[in-house]
Amino acid sequence: MRFLVGGYTADMEGTAEGIGLLTAGDADSTTGGALSWRGILASAPSPSWVAKHPTLDVVYATLEGSGAVQAFQERGPDQWDALGQPTPVGAAPCHILAGRERLFVACWGDGQVVQLELDTDGGIRGSATADAASDPYAGFDQEPRVSHAHQSIVVSPGVVATTDMGFDLVRFWQTGSRAPRLVQEVTLPRGSGPRHGILHPSGHLYIVAELSCELFVLAPDDTGTWHLVGGTPLGTGTLDGDTAAELARSADGTLLYAGVRGSNTIAVMRVTGDGETVSPLALVEAGVDWPRHHLVVGDGLLVAGQRSSDVAVLPFDARGIPGRARTRTEVPSPTCLLRLP
């Protein structure tokens, strides 16, 4: 198995030098074969998020400190070259959703959601900025807030959801035109900070809140209008000052895994009913410092430790709960893991 690794370089106080390569010695198991750091494939300033084109040998990276995104094309074994020049998008881009014809880029620094059109070879061309979000609490006698877009998620054909952890919103956009059209906003509790989410096979959208360390459940009604239908804290054991990061699910969809930075843990959540009910099941050690991102791969969980500069493999037990780290591999300031086909 091959994994591309995004990371922070010196401009974001990290030690990475670009997009790197991590390999696993076993085709089906990360716990049965050793991970190996193969070095940098493509130099780039702070490629904090990396996403692959659905059909082409092209990947896209957010150059977070530079306010731009960059395309890279695989030219040969372990060789990726820049495809075109970096494209400016907004302040601190931190996530890319890659489609066949366009990209959606979430910008943490200024809250912009930017749509980028793609050429047939996967290169980036025109761009359009989505309508600005409004603060649902504007006018209250409180300090003004700043929009912080963080992720884009396809929830149905032609509809993309984005999280705004500054305004505590999940926004829904109609896509396919020159610029995305805002069709709905769901407001989460003030100060929760919705960060990342996943669409469950049941049709429910799970959102992990960075600031409040909670998990929220959204679902559409018969008209396609989304509603907040449930939620829960990530569990006892999280600490004051903890911040949640990535959210992933088990292969069968019965468990969710949320990374928690600070206490450096993984919260395991159980999914029951038709998908509308979630509850804490376990809180385990992440095996790294500052678990920024993680992937479910076969019989284990790969966890990227941004501050410890390593990737740990946590093997699952029979219940699907991660155990103590079996291996740790030195990787410079990792922020994103992308499994290649």
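Q: On a 1 Å grid over the protein atoms alone, a cavity is a set of points where a 1.4 Å probe fits but cannot get out; how many cavities of 30 Å³ or more does this rule give?
A: The count is one cavity of 30 Å³ or more. The model is predicted: local features need pLDDT of at least 70 and side-chain atom pairs pLDDT 80 or more, whereas totals for chains, interfaces and linings use all residues. Residues are numbered from 1 along each chain as its sequence is written, and side-chain values use heavy atoms, without hydrogens and water.

Q: What volume does the largest cavity have?
A: The largest cavity holds about 60 Å³ of space, a volume being the space filled by probe spheres set on the points.

Q: Which residues line the largest cavity, and what makes them lining residues?
A: The lining consists of Ser48, Trp49, Cys94, His150, Arg195, His196, Ala245, Glu246, Arg292, His293 and Thr335. They are called lining residues because each has an atom within 4 Å of a point. Two or more residues come from each of strand E4 (47–52), strand E16 (194–199), strand E20 (243–249) and strand E24 (291–297); strands are DSSP runs (E, at least two residues) numbered from the N terminus.

Q: What is the make-up of this lining by class?
A: Three residues of the lining are nonpolar, five polar and three charged. Arg195, for example, is in the lining and is charged because Asp, Glu, Lys and Arg count as such.

Q: Why is strand E14 called mostly covered?
A: Five of the six residues of strand E14 (residues 169–174) are buried. Buried means under 20% relative accessible area (1.4 Å probe, protein chains only), so the description holds for E14.

Q: How do you know that E14 pairs with strand E13 and with strand E15?
A: Two strands pair if DSSP finds at least two bridges between them. Six antiparallel bridges join strand E13 (residues 159–164) to E14, and six, also antiparallel, join E14 to strand E15 (residues 181–187); both cases therefore meet the criterion. Ala161 has Phe172 in E14 as its bridge partner, and Leu169 has Thr187 in E15.

Q: Which turn residues have a positive phi in the two hairpins?
A: Four residues separate E13 and E14, and Asp168 in that turn has a positive phi of about 55°. Six residues separate E14 and E15, where Gly176 has a positive phi of about 105°.

Q: What makes E24 and E27 the edge strands of their sheet?
A: The open sheet of four strands has the order E24-E25-E26-E27, with antiparallel pairing. E24 and strand E27 (327–330) each pair on one side only. Strand E26 (residues 310–315) and E27 share four bridges, with Ala312 opposite Arg328 in E27.

Conventions: 1 Å grid on protein atoms, 1.4 Å probe; cavity = no way out; pocket = protein on both sides within 12 Å on 5 of 7 lines; lining within 4 Å. Buried < 20%, exposed > 50% of the residue type's maximum accessible area, 1.4 Å probe, protein only.
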